[in-house]
Structures are given as structure tokens and as C-alpha cells.
Amino acid sequence: NHSEQDTMAYYAKFDFGFEFDNGMFLDGNVGIRYVETDVSAIGGIVYPDFNSTVPGGDLEEYCSADGPGGSIPSFCLEDPATQESYRTWADGSSVIIQDKYDYSNTLPSLNLRWGLNEDMFIRFGYSEAISRPDFGLMKSNFPINFGGEDSTTGEWAGPDAQSAQVRIDPIEASNFDLSWEWYFADVGSITVTGFYKDLDNYIVPGVSIRDFENNGETWDVQVSGSSNTPDDSGKIKGIEFAYQQLFDMLPGLWGGLGVQANYTYIDSDGVPNTSFDNRSDSGSVEDNDGNIIGPLYDVSDMGLPGLSENTVNLVLFWETDKISTRLAYNYRSEYTLTTRDVIDPYTPIVHGDTGQLDFSFFYTFNPAFKIGLQAVNLTDEVTETLSVYNDALDTAPRSFFRNDRRYSFILRGQF
């Protein structure tokens, strides 16, 4: 599979600033970015082989009560014209294709800074941004299956395939930020930032319909893979508190002691798992060949993948002309890892809360030479993933990962 992505962007920005008689000021900029994206992938289509599913192409035998499985297959309920059209289309052939997709985005932005005095500011920002699909999704291989029975209607569900594809739009975000900042020292600040993001086209495991033409016949194929959500995908809102200070008022070497700390709270609305919508009588989900592939849960109350509700970072540092040392602790609460596992029973997966303590020390002999020690995961943290197992989105342990403590002795030279 050969994939390419070409982009062309155009920018414009205008800076402005005003000063007032009371010592306050207002400055900022307004801008716009226009981006064109062209994606292409060389892959292939493998059409189903009618004669492999219907031995010898003998529909009369295949559709008899004595046929495969002792029952009449759902395909036999289709009218003769549909059956012949599908026989012509599903000839087992394969073809190399080049799949192309393009999209464009207009992305405005506005940034304002209101200076209350020389040390205190209020900032406001609005911007629109995109996040393109992971390049690993840019593929175009379609091994098409004959198709099985719809477990809800009992009718033939038509051909299906599972594949990555290039026809995915980027995630679009409208971002609002408002912050208060106080710089009370050369290396000392307190900031409070509120933010809100409105997301569209979130990329999730899903199903799309594509038409494929072969031997003069065209059929719609249900393609399972990554796709964009059809409506508003999610919203992210939160607040961040940050503090940093160098205690340079302390005597001697203690003047290099400092601290950095921040806490972030995020409230996010998730997106539905659109992978499958056909339940069996037991409430499980079946693919088009009738195989049970797991339950279907409404995960819209779960947070967006990768976002923790609470995140804390604490750093204690000591800096002198020769010595640089840091002790850092990072914590994040549990978060959605994926709305659909890659293995049976294909349920949503949550990453448990986790914290890690790291340490580093460097001594500089001269501008060209330093030695150091780094220690990672001093608390020997074990990370855990959990599986959702019911409609209430309760979880149970799925897997555990021991990352071990890791130590590195470092020698750095600059020539």
C-alpha cells in the first residue's frame, strides 16, 4: 500500500495594539489560514467469489432445504434479477486501484491581550483548527466478503468489507480560551485558564457505505473501519491552574531552588460507538456473516478518548551554574482508551488512573561536557486497563503492565 498526502496552505495575519491613559493597553492579532489537503493511496479490491460460496454456481442446489447448514440461505430470498446481478459482480477478481480524497478548511483566529499593568494580563483567544487522520489510516485495501444474514430482519445483508480508507475528514475544533496571568517575579507566575472546545468529525470505529463497480454491475458495500461521526462529535471544557517560582531571595546556593505546579480539570462529552448497529436477540452484536462479535454499549457518557478528568504535575527543581536537578511527579485520572477493543468481546477499554515519580541530576564540568543520572518511575507504578461490561459502563480489570524502575547514567559532550 502506497499512500501520499499533499497540503497547500495560505496565511494572513494582522497585528494591532492600543495604549490607554490609565496605563492599560490592548494588543493582539487576527488571522486566517486556508488549507487544501489531497490524499491518495494505491491499494486493491478483491471481489467475493460467487462460485466459492455457491458451489459450482448452482443456485438451485444451494437454495434447497438440503443445502449448506440444512436451511435456506438468506441470499436465496433475493429476486432472480438481484441474484444474477450479484453473480456477475462477484467474480472473485482483484484489481489495483488508486483511491483519492481531498478537502479544504478555512481556519480563522483571534488573540487579545489586555494589560492591566506591567505584570498582570487577561488573554482571550479564539481559533479554529483541524487534526488530520493518522497516516496509518490512509490505506485503500478492500477484501470484500460475500455477506451474511441480518440478524434483525433475517434478510441478506449484502457484501461487506473491513478496511482503512482515505475518505476520512479531519477532526475540526472551535477553540475558546480565557486566562488571567500574574507575573510577580522574573521567574514567578500564577495563571488561571479556562477553555472550551467544540469538536466535529471525530474519528471513531464506524461503518460507511461505498459503491464498487465490476463487470458492468455496481453494488453498495458496507465497509467497517474508521469513519467520522455524522453530527457534533463532542465538547471539551475545563480549567487549568498553574504556578511557578524561583526562590532566588534565598541565600547562596538555595537561591536556585524552585517549584512548578499545575492542575487541569477537563469535562468532555464522548461520542457514540458507531461500529455496528445490528444486535442479536441476546443483545450481542453480529457481523454480516452472523458471527457474534460483542455487545453494543452506548458510550456517549464516556469521556473522549485520551482525556483524563484530572491531571496534576508537580516539579521541584534546583539550578546553579554547575548543577541541574529535578524531581517530578505526574498524575492523571482514568480515561477512555478506545470505544472498541481489538479483541473479543470488543468492548470499550478504559485506562486506569496512574502516577509516576521521576528524578534527574546533571553536573556541568564546562560548556562542552556534563554527566548525569536519570531515574524513571521511582514508585514502580503498575498501569491497568479495564473493560466495560454492561450498559451502566461499569468496568472490570482487563490487563496490567509493569513498567519497572529505570535508571540511566548519561555522559554528554558537545564539540
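Pro80 and Ala81 are exposed on one side of helix α3, in what is a predicted model. The helix spans residues 80–89, and its buried residues are Thr82, Gln83, Ser85, Tyr86 and Trp89. Viewed down the axis of α3, these buried residues fall within an arc of 165 degrees, so they line one face of the helix. Pro80 and Ala81 lie on the other side. Buried here stands for under 20% relative accessible area, and exposed for over 50%.

The strands come next. An open sheet is formed by 4 strands in the order β17-β18-β21-β22, with antiparallel pairing. Its edges are β17 (335–338) and β22 (395–402); each has a single partner strand, so one side of each is left without a neighbour in the sheet. Direction ignored, neighbouring strands of this sheet are turned by 35 degrees against each other on average. Isoleucine 349 has serine 387, in β21, as its bridge partner.

A hairpin leads from β19 to β20 through 2 residues. β19 covers residues 354–366 and β20 covers residues 369–376; they pair in the antiparallel sense over 7 bridges. In this pairing threonine 364 stands opposite lysine 370 of β20. β20 also pairs with β23, again in the antiparallel sense, and strand β23 is made up of residues 406–413. Leucine 373 has phenylalanine 409 of β23 as its bridge partner.

| Strand pair | Bridges |
|---|---|
| β19 and β20 | 7 bridges |
| β20 and β23 | 8 bridges |

In a regular strand, side chains alternate between the two faces of the sheet.

A nonpolar patch lies on the surface. Phe365, Phe369, Ile371 and Leu411 form this patch, and together they have about 360 Å² of accessible area. Leucine 411 belongs to strand β23. Why is leucine 411 classed as exposed? Its relative accessible area is 59%, and exposed residues are those over 50%. The patch can also be set against the strand limits: Phe365 falls in β19 (residues 354–366), while Phe369 and Ile371 fall in β20 (residues 369–376).

Terms used: Residues are numbered from 1 along each chain as its sequence is written. This is a predicted model: local features need pLDDT of at least 70, side-chain atom pairs count only at pLDDT 80 or more; totals for chains, interfaces and linings use all residues. Side-chain values use heavy atoms; hydrogens and water are left out. Patches are made of residues with over 30% relative accessible area and no salt bridge: like charges are joined within 9 Å, nonpolar side chains (Val, Leu, Ile, Met, Phe, Trp, Tyr) within 5 Å. Accessible areas come from the Shrake-Rupley method with a 1.4 Å probe; for residues, only the protein chains shown count as cover. A salt bridge is a side-chain nitrogen of Lys or Arg within 4 Å of a carboxyl oxygen of Asp or Glu. Buried means under 20% relative accessible area, exposed over 50%, partly exposed in between (1.4 Å probe, protein chains only). Two strands pair if DSSP finds at least two bridges between them. Axes are lines fitted to C-alpha atoms, for helices over the stretch in contact, and angles run from 0 to 180 degrees between N-to-C directions. The arc is that of the directions from the helix axis to the C-beta atoms.
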